[in-house]
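These are my notebook entries on one structure, written while I looked through it.

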Amino acid sequence: MTARLAIATHNAHKVGEIWAILAPEVPGLTREDVASAKEPGAPSPVEDGTSFAGNALIKARALAASTGLPAIADDSGIAVDVMGGAPGIFSALWSGRHGADQENLDLLLAQMEDIPDGHRAAAFVCAAVLVTPDGREIVCEGRQPGRLLRAAQGEHGFGYDPIFMGEGQTLSNAEARRGREERGVASWRRLPGARTPRGAVARRLTSRCSRDATNVVQMLHGDVDRTGARDPRAGTAHEPTANSPSSTALICPWGVARS
Ligand SMILES: O=c1nc[nH]c2c1ncn2[C@H]1C[C@H](O)[C@@H](COP(=O)(O)OP(=O)(O)OP(=O)(O)O)O1
């Protein structure tokens with residue numbers, strides 16, 4: 001295997017999004033450098049954690065162990081206040097069939113049918129982790145607050161995007177994705193106050209997470225350096241700032257709020 005980084009997901013949408021955000025962050029990293037859990041022989045561990053972070057760690061640990069590569073994983077879903085945070089970690093199989101986006105969304109809308117608009121608060125929640133083969137583990141979590149719509153709006157995106165509207169937004173996440181896809185992820189990320197395609201989920205990272213993340217970025221840049229495409233940030237203490245590409249953006253690429 002020639003890959004240098006593994007993305008521990010079977011979800012093609014996630015692979016595409018994570019790749020699109022990683023690429024500009026790690027100059028010289030090509031698609032061939034990145035393995036995913038879809039490759040033959042990759043483990044499919046039972047996701048029996050009780051939290052988003054727990055499940056993300058299960059996925060990343062398994063792939064880091066089997067490939068010997070740093071592995072990034074995400075676990076995500078929608079949490080509805082009036083339902084006590086459900087579907088939560090069960091978002092992908094809410095209707096009983098894993099990954100059946102339309103059935104999952106239809107069931108949730110039906111369950112919430114009688115709930116008035118003022119009580120439809122929900123959040124899109126995401127945990128992202130990076131696990132290195134030598135045992136370093138970085139976890140970050142975040143949420144995009146918003147509300148559940150009454151019917152699907154928009155064709156873009158996947159999962160629960162058509163029935164979720166972020167706070168302060170006038171478009172569902174599926175509608176909002178349209179413009180992002182047309183403009184391209186990289187340019188979209190540079191807009192002032194822009195939110196990333198995963199819906200701006202991660203807001204807080206601990207100081208330890210930021211510190212460790214820097215090391216991991218340097219490690220990846222160090223690998224890239226061997227190909228002659230060294231990034232000028234490599235090898236220096238690189239503190240993330242609100243306006244610069246940050247190490248935390250690499251580790252939690254779809255969710256660092258840049259306000
Ligand atoms: O940006 C998103 N916008 C809307 N919905 C989303 C998004 N990202 C994930 N989702 C939904 C799809 C699925 O119902 C659940 C994730 O479930 P989750 O278990 O984390 O992932 P998964 O089973 O699809 O793939 P895998 O475990 O291989 O990473 O949340």
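**Confidence.** Where pLDDT is low, the predicted coordinates should not be read in detail. This is a predicted model, in which local features need pLDDT of at least 70 and side-chain atom pairs count only at pLDDT 80 or more, while totals for chains, interfaces and linings use all residues. Residues are numbered from 1 along each chain as its sequence is written, and side-chain values use heavy atoms, with hydrogens and water left out. The model scores ipTM 0.95 and pTM 0.77.

**Fold.** I recorded seven helices and seven strands in the protein chain, where helices (H or I, at least four residues) and strands (E, at least two) are DSSP runs numbered from the N terminus. Along the sequence they follow the pattern β-α-β-α-β-α-β-β-β-α-α-β-α-α. Of the 259 residues, 48% count as buried, which here means under 20% relative accessible area, with exposed over 50% and partly exposed in between (1.4 Å probe, protein chains only).

**Helix H3.** Which residues of H3 (residues 101-111) are buried? I listed Asn104, Leu105, Leu108 and Leu109. Seen down the axis of H3, these buried residues fall within an arc of 130°, so they line one face of the helix; the arc is that of the directions from the helix axis to the C-beta atoms. I then checked their partners and found that they pack against strand E3 (71-80) and strand E5 (137-148).

I looked at Asn104 separately, and it counts as buried because its relative accessibility is 1%. Leaving out residues up to four places away in sequence, Asn104 touches Ser91, Ala92, Leu93, Trp94, Ser95, Arg97, Gly99 and Tyr160.

**Loops.** In the loop between E3 and H3 I found Pro87, which is joined to Ala86 by a cis peptide bond with omega of about -5°. Thr170, in the loop between strand E6 (164-166) and helix H4 (173-183), is exposed, with a relative accessible area of 69%.

**Largest pocket.** I noted about 740 Å³ of space in the largest pocket. Of its 37 lining residues, the closest to the centre are Lys14, Lys59, Asp75, Ala92 and His98. The elements that give two or more residues to the lining are helix H1 (12-25), helix H2 (52-67), E3 and H3, and H2 gives the most, with five residues.

Methods
Contact = heavy atoms within 4.5 Å. 1 Å grid on protein atoms, 1.4 Å probe; cavity = no way out; pocket = protein on both sides within 12 Å on 5 of 7 lines; lining within 4 Å. Points joined across faces, edges and corners; volume = space filled by probe spheres on them.
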